[in-house]
Amino acid sequence: MVTISCSCGAASTTRRNPLRGLTVDERAALIRSAFSVHAGFLAVELDGSWHPAHVEPTEACFVLADLDAIDATDGLTGEDARGIRALLEQSHVGGLSLPVEAQVGSVRFRVTPADDFMGYVTYLVHDGPTTLLEVGVPRSEPHVLAELVDLFRSHGRAAVVQVDGLAPRIGLGAAIEGVRRARTASVA
């Protein structure tokens, strides 16, 4: 089942698959240029004819189809299907690659596409079932995830939680730097 959603808030599900009938090369090109790809799922921009029928679209509408690997490989077999599934594991948002997940002990650091139509990403830090940080930002810089890992290694959980509280007000990069500076002993 394909979920169609629009920036205006309209959403629907459909059995129509926007990838059905496309060749493996056409699907691969669509996945590479998709709005977002993460963990076997993709959101691909569609034209206005796909707008959920119960609401009239406007010129400002931005229509996306959310598909999974089953939808993306529908009708493909063997090597073609494996190739498409492999492409779906290369995460990106708006053409910008997302950093690879990191783990330090039980603490997991990752970046995922945000649930919006702006190309934002969400930085997440979990220690088992506990969320230490969840911050949405407009762009993903690969070094930011590494900085969060480094901050955790140097200053622990409390520093990451402190970044979570500061980041919505001053930005993720500034919050990491501020917490690092505040927790580092100055040498005179």
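This is a predicted model: local features need pLDDT of at least 70, side-chain atom pairs count only at pLDDT 80 or more; totals for chains, interfaces and linings use all residues.
Side-chain values use heavy atoms, with hydrogens and water left out.

Helices (H or I, at least four residues) and strands (E, at least two) are DSSP runs, numbered from the N terminus. Seven strands make up an open sheet in the order S2-S1-S5-S4-S3-S6-S7. Their pairing is antiparallel; two strands pair if DSSP finds at least two bridges between them. Strands S2 (11-14) and S7 (96-97) lie at the edges. Each has a single partner strand, so one side of each is left without a neighbour in the sheet.

Within this sheet, S1 (residues 2-6) and S5 (residues 63-68) run antiparallel and are joined by four bridges. Ser5 belongs to S1 and stands opposite Leu64 in S5. Ser5 counts as buried, at 15% relative accessibility (buried, under 20% relative accessible area; exposed, over 50%; partly exposed, in between; 1.4 Å probe, protein chains only). Its contacts (heavy atoms within 4.5 Å) include Phe62, Val63 and Phe117, not counting residues up to four places away in sequence.

Ala39 lies in the loop between S3 (36-38) and S4 (41-46). Most residues other than glycine have a negative phi. Phi of Ala39, however, is positive, near 50°. At 43% relative accessibility, Ala39 counts as partly exposed.

Strand S10 (residues 121-127) is mostly covered, with seven of its seven residues buried. Val121, Tyr123, Val125 and Asp127 point one way, and Thr122, Leu124 and His126 the other. S10 pairs with S9 (residues 107-113) in the antiparallel sense over seven bridges; Arg110 stands opposite Leu124. S10 also pairs with S11 (residues 130-137), antiparallel and over seven bridges. Here His126 has Thr131 as its bridge partner. S10 and S11 form a hairpin with two residues between them. Gly128 in the turn has a positive phi of about 60°.

The axes of helices H5 (residues 157-170) and H6 (residues 172-183) come within 8 Å and cross at roughly 135°. Axes are lines fitted to C-alpha atoms, for helices over the stretch in contact, and angles run from 0 to 180 degrees between N-to-C directions. H5 and H6 are therefore oblique to each other (under 35 degrees, roughly parallel; over 145, roughly antiparallel; 65 to 115, roughly perpendicular; the rest, oblique). Among the residues that meet are Val163 and Leu166 in H5 and Ile176 and Val179 in H6.

Note on methods: Residues are numbered from 1 along each chain as its sequence is written.
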